[in-house]
Amino acid sequence: MTATNWPDLAGRIEGKVHVLPVRVYYEDTDFSGIVYHANYLRFAERGRSDFLRSAGVNHTELFQGEDPLAFAIHRMEIDFVRPARIDDRLEVHTRYTRAGGARLEARQTIYRLGEAGDREELWRALVFAACLDKSGRPRRLPEKARAALAPYIDAAS
């Protein structure tokens, strides 16, 4: 990856993985120039949302439909491997591993891009989300959303 083809505003899907480029700005860091831990969650949220949007699952349509639905995270397992720093070029890799019933599950990794295009793992998470109605009760994923995500999920997952 060279600087001339980076970034794609909403990322891109490569095979079954969504890749979202992110630049680390001053606002993302603490006083030492290291990315504040909670900001990794923001980067990851953008990756999950842009994957869904790229696959044809639109948050606004889900919430404005006949039976308004939204996604909520109910569990995450996170490993902070190495720190990101101001001006780093990052990639958020998102792979949905399950989309069934009321559940969505994803594996996410954030990498730092080196000048030669190499990647260094900084952060990883398992993310468990639920599809909820307006009152907060779990609801099955709409068929359209399951069908849109099906090509990206292995049958063995």
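1. Salt bridges come first. A search of the whole structure, which is a predicted model, finds 17 of them. The term means a side-chain nitrogen of Lys or Arg within 4 Å of a carboxyl oxygen of Asp or Glu. Side chains of opposite charge can pair when their charged atoms come close.

2. Ground rules. Residues are numbered from 1 along each chain as its sequence is written, and side-chain values use heavy atoms, with hydrogens and water left out. In this predicted model, local features need pLDDT of at least 70 and side-chain atom pairs count only at pLDDT 80 or more, while totals for chains, interfaces and linings use all residues.

3. Arg53 and Asp50. Their closest N and O atoms are 2.2 Å apart, in a salt bridge. Both sit in helix H1 (residues 37-55), 3 residues apart, so about one helical turn separates them. Helices here are DSSP runs of H or I, at least four residues; strands are runs of E, at least two; both are numbered from the N terminus. Asp50 is buried at 11% relative accessible area. Arg53 is partly exposed at 47%. The cut-offs: buried is under 20% relative accessible area, exposed is over 50%, and partly exposed lies in between (1.4 Å probe, protein chains only).

4. Arg124 and Asp79. This salt bridge has its closest N and O atoms 3.3 Å apart. The pair links distant parts of the chain: Arg124 lies in strand S6 and Asp79 in strand S3 (residues 69-80), 45 residues apart. Arg124 is partly exposed, with 34% relative accessibility. Asp79 is partly exposed too, at 38%.

5. Asp133 and Arg139. Here the N to O distance in the salt bridge is 2.9 Å. Asp133 is buried, at 9% relative accessible area. Arg139 is partly exposed, at 29%.

6. A network. Salt bridges link Arg12, Glu14, Glu91 and Arg119.

7. Strand S5 and its S4 partner. Strand S4 (residues 89-100) runs antiparallel to S5, joined by 10 bridges. Strands pair if DSSP finds at least two bridges between them. Leu90 has Arg112 in S5 as its bridge partner. S4 and S5 form a hairpin with 2 residues between them, and Gly101 in the turn has a positive phi of about 60°.

8. The S6 side. Strand S6 (residues 119-133) is antiparallel to S5, with 11 bridges joining them. Arg107 has Leu126 in S6 as its bridge partner. This hairpin has 5 residues between S5 and S6; Gly117 in the turn has a positive phi of about 90°.
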